[in-house]
Amino acid sequence: VYLTGRRGGGLPPVCSGSAGGRRRVRCSRIPNAGYEWHGYLRHVIDRYETLAPTTIFLQGDPLTVSPDVHCLLNATRLWAPVQVLSWVQMAKRKMEFFTQCRAANLGGCRVYVEPVTAGMRPMLHGDRWLHRACRMAKRFKGSLFRFLASQLGGDPALANGSAAQHKSLLRATPVPPQLYRAYGAQFAAAAEELRRRPKPFYTRLLHWLVTPHDAMHTAGFLGVWRAYTPKEKAILLELIWMALLGAERHVPPSLCSSCLPAAQTLPVPVDAVGPSCAADYFSGAPRVEACNVSGDGWGGRRPCSGDECGRLSVRCPVTKNDGER
């Protein structure tokens, strides 16, 4: 158990073995940075050589994204080597689609895994969350997967290198035939799956996650990361973790097609492709915001100096989802 609360708050009973006679659980305090990913990565690094056959990664309140978590924990015989243990957040549970799409369920336990584009945008239900809340998704449009995969999973010497080096690494980063994401960050992984990545990979990932945004450029990372706080970086990890761990290898190929009929009953924008297993749901639809590239925190507002000066005040017309597949 990894605790991020105040030190004066005391330890929960489970840490001392005083919770209903259960055996004592090892508890560690870690800084409150990076959401649950701080504890996840700390555990893998510290236990890399002695990982349990299967490690279960859960948030402090696992019911937030998985009302069926107890059901899932009793269905271990059905688990894949990398197993998603989440459904959807409370607000989305009102949508009939998420109840009808059962392709990722384990027995009677609800699980939701969705196909996404190379821009990490859903292809079935048209969730515009990335446009509203994820500035990096807007900045990199259809290249978001390649940028994150190259920066977090590529050769660090190239990822942190010159513009020519990290751009070349991005272009050389392959995109799997199908990408997926799962809501929340709750999953189980076999030790051999976690060890597919070397220990330095997890060490660097934790360093990237918890380094304050204004120190990223002096900590060996690209200057672009100065615009993203540990909280926002944790959200990006939520988008990319399945690909970083190769979880798409364990998703049934028929997942999208089996959910497509239910998705096609959803309302769609008049100029959108609509639910698809091959195309961006919003191809041809206007973006929600008025600009693709501005407002990401760089340069500040005038008066200021430098090439990035004034970008927070820039204005541009509504644009299309051009070039994204």
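Tutor: Start with a definition. A residue is buried when its relative accessible area is under 20%, exposed when over 50%, and partly exposed in between. Keep in mind that this model is predicted.

Now the pairs. Side chains of opposite charge can pair when their charged atoms come close. Here the cut-off is a side-chain nitrogen of Lys or Arg within 4 Å of a carboxyl oxygen of Asp or Glu. By this rule there are six salt bridges. Let us look at some of them.

Begin with Glu193 and Arg249. Their closest N and O atoms are 2.5 Å apart. Arg249 has 39%, so it counts as partly exposed.

Next, take Glu114 and Arg181. This salt bridge has its closest N and O atoms 2.6 Å apart. Glu114 belongs to strand 5 (residues 113-116) and Arg181 to strand 6 (residues 179-182). The two residues are 67 residues apart, and the pair links distant parts of the chain. Glu114 is buried because its relative accessibility is 1%. Arg181 is buried too, with a relative accessible area of 4%.

Then come Arg121 and Asp280. Their side chains meet in a salt bridge at 2.7 Å, N to O. Arg121 lies in the loop between strand 5 and helix 4 (129-133). Asp280 lies in the segment after helix 12 (255-263). Arg121 has a relative accessible area of 4%, so it is buried. Asp280 has 1%, so it is buried.

One last stop gives some surroundings. An open sheet of three strands has the order 3-7-4, with antiparallel pairing. Strand 3 (54-57) and strand 4 (82-84) stand at the edges, each with a single partner strand, so one side of each has no neighbour in the sheet. From one strand to the next, the twist averages 15 degrees. Strand 7, residues 187-190, runs antiparallel to strand 3, and four bridges join the two. One example is Thr54, whose bridge partner in strand 7 is Ala190.

Terms used
Residues are numbered from 1 along each chain as its sequence is written. This is a predicted model: local features need pLDDT of at least 70, side-chain atom pairs count only at pLDDT 80 or more; totals for chains, interfaces and linings use all residues. Side-chain values use heavy atoms; hydrogens and water are left out. Two strands pair if DSSP finds at least two bridges between them. Axes are lines fitted to C-alpha atoms, for helices over the stretch in contact, and angles run from 0 to 180 degrees between N-to-C directions. Buried means under 20% relative accessible area, exposed over 50%, partly exposed in between (1.4 Å probe, protein chains only).
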